[in-house]
Amino acid sequence: MEGSEMEQREGCGDSRAGRKRKGLATSVEERVRPEVRSMARPRHGGDVWGYNGIEDYSSNVNPLGAPERLAEYIRDAAGDLINYPDDTASGLKGAIASRYDVPAGSIVVGAGSAELIRLFPEVFISPGDKVVMPKPTFSEYGFACRLMGARMVDHPLREEDGFRVDVGSLINALDRETKAVYLCNPNNPVGRMIGRREVMELVEEAGRRDVMVFLDETLLELSERDQDVTCVHEVESHDNMFLIRSFTKSFAMPGLRIGYGFGSKEVMRFMEAGRLSWNIGTLEQRVGARLMSEEQEHVRKAVRMLVDEKKRMHSELSRILPYRVPLPDSYFFFCPVHPLGVSSRQFRAAMLEERMLVRDCSSFGAPCDRYSRFCVKTPERNEAFLGAMRSAVEKLGTGR
Ligand SMILES: Cc1ncc(COP(=O)(O)O)c(C=O)c1O
């Protein structure tokens with residue numbers, strides 16, 4: 001899921017809401033912080049509610065679904081909801097620490113990594129601070145920074161380079177006024193990934209300029225290159241780095257909210273200081289700890305399947321579409337649709353007629369409004385998806 005810009009004002013700031021009410025000297029709108037007044041909710045994929053019998057190819061979760069024993073883990077944890085949750089989340093942090101072989105003190109947990117995306121600017125960004133943001137990227141980062149009054153500077157990724165992050169030019173965009181730079185690896189929605197050496201070059205250079213690096217690896221765990229690319233083991237020695245990961249994609253459970261972040265002891269001191277009390281419930285803590293320690297094979301199995309299916313889908317797509325589809329570095333496609341004579345939104349509508357949901361990328365702004373994002377699932381489901389794609393392309397009258 002992901003993506004949005006300020007193009008749509010949803011529910012806030014319209015003239016009726018701004019009208020003065022009896023008993024108030026000023027309208028509610030006038031009392032709201034300016035950062036919130038002008039804010040639009042980010043938009044995301046995975047919006048399957050309200051659709052019946054539609055296959056969701058718009059979100060990038062583990063195609064094997066949640067582990068079979070998830071219901072058992074939930075049942076076991078459900079008997080213990082009468083007390084407040086452990087505010088230190090020690091059991092969950094312990095399980096994460098063993099899985100990654102890092103100290104528990106370098107971990108913070110949140111209600112989804114989304115909560116940590118919000119927490120980072122709450123802790124580090126003051127009004128007016130400059131934040132450098134690659135474009136396109138996941139919309140929640142900019143949303144959270146703008147809420148804190150950050151001065152956002154877009155760093156456009158070039159379509160000609162396949163939207164790959166050029167670390168050299170990203171470094172050049174950092175100056176003494178910059179407080180933080182964001183990097184999503186692999187990047188959502190474009191699926192491009194850079195290696196650890198390049199990420200660490202950014203971190204080191206940013207450190208020299210006193211700039212914090214926010215690194216999102218939530219989409220890395222389901223990629224075959226995770227071990228080679230992850231920077232989890234770099235955070236302890238870099239005080240200008242904060243890295244997030246999540247249970248959502250790896251264990252296919254967006255409905256339970258569990259994310260986690262890594263930072264040096266000093267970074268964690270302040271992330272913990274700013275964190276919401278009882279931010280993660282007993283159910284999530286218990287279930288998360290069991291998943292982390294008992295279900296790693298479930299994730300590895302999905303990675304093996306995704307490697308094979310991505311290749312197969314890529315070659316099939318190149319047969320269906322009258323042009324070459326870029327091979328993603330990750331496990332989801334960011335596929336041009338303009339050669340079919342349609343926009344991202346129109347392509348989504350065409351696929352919905354075939355009972356498949358793909359991501360309309362127009363919320364990421366131009367030129368993403370000419371691309372569609374869709375994931376890779378199990379062989380049988382992919383077969384159905386490819387059939388739907390063939391049919392949609394034929395109806396659009398532009399197939400091979
Ligand atoms: C790149 C990226 N980061 C973070 C998130 C937030 O996920 P969660 O809060 O479920 O961990 C998402 C969700 O779509 C995402 O795509």
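Analyst: A polar contact is a pair of N or O atoms within 3.5 Å; within protein, one must be able to donate a hydrogen and the other to accept it, and residues adjacent in sequence count only if both atoms are side-chain atoms. By that criterion, the side chains of T137 and N187 are joined by a polar contact of 2.8 Å. This is a predicted model, in which local features need pLDDT of at least 70 and side-chain atom pairs count only at pLDDT 80 or more, while totals for chains, interfaces and linings use all residues. Residues are numbered from 1 along each chain as its sequence is written, and side-chain values use heavy atoms, with hydrogens and water left out.

T137 is located in the loop between β3 (130-135) and α7 (139-147); helices (H or I, at least four residues) and strands (E, at least two) are DSSP runs, numbered from the N terminus. T137 counts as buried, at 9% relative accessibility, where buried means under 20% relative accessible area, exposed over 50% and partly exposed in between (1.4 Å probe, protein chains only). Not counting residues up to four places away in sequence, T137 touches C184, N187, N188, P189 and F364, contact meaning heavy atoms within 4.5 Å.

Turning to the rings, the structure holds 22 aromatic pairs. Rings of Phe, Tyr and Trp (its six-membered ring) pair if their centres lie within 6.5 Å; planes under 30 degrees apart count as stacked, over 60 as edge-to-face and the rest as tilted. F138 and Y141 form an edge-to-face pair, 5.5 Å centre to centre with 75° between the planes, and both residues are buried. The pair of F333 and F374 is stacked, because the ring centres are 5.6 Å apart and the planes stand at 25°. Since F333 lies in strand β9 (residues 332-336) and F374 in strand β12 (residues 371-375), this pair ties together parts that are 41 residues apart in sequence. F333 is buried, with a relative accessible area of 0%, and F374 is buried with a relative accessible area of 0%. One aromatic cluster is formed by F120, F124, F138, Y141, Y182, F214 and F242.

Charged groups also meet rings. A charge sits over a ring if NZ of Lys or CZ of Arg is within 6 Å of the ring centre and within 35 degrees of the ring normal. R99 lies over the face of Y100, at 4.1 Å from the ring centre, and the charged end of K377 sits over the ring of Y57, 5.0 Å from its centre.
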